[in-house]
Amino acid sequence: MSNSDRPTDLIDTLAVTPTSRRSFLKAASLGAVSVAGVGTMVACGKAGETGAAAVKQAGAVPAANAVTPAASAQATADAMDAMHEKGIKAFPAKTKGKGNQLLAPRVEKGVKIFDLTASVVQWEVEPGRLVEAWTYNGTIPAPQIRVREGDRVRINLKNDLPESTAIHFHGLELPNDQDGVPFITQPPIKPGQSYTYEFTVPNAGSHMYHSHHNATKQVGLGLLGGFIVEPKDTSHEPKVDQDYVMVLNDGAHGYTFNGKSFPATEPIVAKLGQKLRIRYMNEGMMIHPMHLHGMHQTVIAKDGWPLPYPYRCDTLNIAPGERYDVVVNCNNPGTWAFHCHILQHAESDHGMFGMVTALIVQK
Ligand SMILES: [Cu+2]
């Protein structure tokens, strides 16, 4: 029986190994969670505990009034499985706001001009969970900037935040005064002020732009986006049907892909035989080993630099600040789990959350 004939396979496979409490999400919804706080709360989940052990513990009652252990375990398992199933059934859940949308430049005298406003908004990370977000143009990730190697680019930033800020163009080898680090290469951009960056785009690849001022908070709250530079010479670029930017983050909003947590993450939908390029970008403070079920990933670039020897893997570890470009040959039909493999970032006894999505390969 093929996988696609058994829609419950996904649930069966993924619902059996809860490893941590869901306290992280609860705490995250209370407001800003410090990095140390995240670590502590995640660590309090008993990493080695199996589902059965957890159930036994939860069901432990004095022998005199005991329901039979089997019946108790069954009831607990049913309740847990129901929560897991509910989460999966809700996916992909609708939420307000979608980041990473291509920002079309104005072109004046051959210069591509991008206007950004940094401001505080309410952002729906998952259904009903609204959080304070600091954004460029109101979304997480910020609008995607996509230019070509050698383009002249001007970026106007208006700061409507209650703090000073600045933009660093992460990965671009710019003249020093365009590097966006307050007190090293420029003054901080005060609340209410505007600032202009202008440069000729140097090196191609998958890059990022983000705040470099009070960055744990500012990037953690959403001041981040993809800055893609297409090469002048495209002869070495893979021919792909889809080009997907996936920004990972783990700040005050919890564990997110493109500003959303499961079940509000966006599935990637491909047709059988299509080739998919994924540009991973880690804007967080933790590593995230990205694991795709059913098909391997061919890693073609690191931090925007093409690899002389692409390699295959099913799990790709992405450290803070790193970008990896991979190509997936979508040759295996079905709905495939696609998630961070630090399981505390993806799954708890309440079901899947955070850094989980799916690659759906349609026949
Ligand atoms: Cu992770």
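The legends below describe an overview and several close-up views of a predicted model.

In this predicted model, local features need pLDDT of at least 70 and side-chain atom pairs count only at pLDDT 80 or more, whereas totals for chains, interfaces and linings use all residues. Residues are numbered from 1 along each chain as its sequence is written, and side-chain values use heavy atoms, with hydrogens and water left out.

**Figure 1. Overview of the protein chain.** The protein chain has 6 helices and 22 strands, these elements being DSSP runs numbered from the N terminus (helices are H or I with at least four residues, strands are E with at least two). Of its 363 residues, 51% count as buried, where buried means under 20% relative accessible area, exposed means over 50%, and partly exposed lies in between (1.4 Å probe, protein chains only). Among contacts between residues at least 6 apart in sequence, 75% join residues at least 24 apart, a contact meaning heavy atoms within 4.5 Å. The protein chain exposes about 16,400 Å², of which carbon and sulfur atoms supply 57%; accessible areas come from the Shrake-Rupley method with a 1.4 Å probe, and for residues only the protein chains shown count as cover.

**Figure 2. An open, mixed sheet of 5 strands****.** The strands stand in the order S12-S22-S19-S14-S17, where two strands pair if DSSP finds at least two bridges between them. Strand S12 (268-271) and strand S17 (315-318) are at the edges with a single partner strand each, so one side of each is left without a neighbour in the sheet. From one strand to the next, the twist averages 20 degrees, the axes being lines fitted to C-alpha atoms (for helices over the stretch in contact) and the angles running from 0 to 180 degrees between N-to-C directions. Within this sheet, strand S14 (residues 288-292) and strand S19 (residues 334-340) pair in the antiparallel sense over 3 bridges, and Leu292 has Phe338 in S19 as its bridge partner.

**Figure 3. The salt bridge between Arg154 and Glu198****.** The structure holds 19 salt bridges, each defined as a side-chain nitrogen of Lys or Arg within 4 Å of a carboxyl oxygen of Asp or Glu. In the one shown here, the side chains of Arg154 and Glu198 meet at 2.6 Å, N to O. Arg154 lies in strand S5 (residues 152-159) and Glu198 in strand S7 (residues 194-200), so the pair ties together parts that are 44 residues apart in sequence. Arg154 is partly exposed, with a relative accessible area of 22%, and Glu198 also counts as partly exposed, at 25% relative accessibility.

**Figure 4. Salt bridges from Asp325 to Arg277** **and to Arg279****.** The side chains of Asp325 and Arg277 meet in a salt bridge at 2.7 Å, N to O. This pair links distant parts of the chain, with Asp325 in strand S18 (residues 323-329) and Arg277 in strand S13 (residues 275-282), 48 residues apart. Asp325 is buried, with a relative accessible area of 1%, and Arg277 is buried at 6%. Asp325 also forms a salt bridge with Arg279, the closest N and O atoms being 3.5 Å apart; here the partners, in strands S18 and S13, are 46 residues apart. Arg279 is buried, with a relative accessible area of 3%. Through shared partners, salt bridges join Arg146, Glu230, Glu237, Asp243, Arg277, Arg279 and Asp325 into one network.

**Figure 5. The hairpin of strands S15 and S16****.** Strand S15 (residues 297-302) and strand S16 (residues 305-313) pair in the antiparallel sense over 5 bridges, with Val299 standing opposite Tyr311 in S16. The hairpin has 2 residues between the strands, and Asp303 takes a positive phi near 50 degrees.

**Figure 6. His236 and Pro306****.** His236 lies in the loop between strand S9 (224-230) and strand S10 (242-249), and at 71% relative accessibility His236 counts as exposed. His236 and Pro306 are 70 residues apart in sequence, while their C-alpha atoms are 8.7 Å apart in space.
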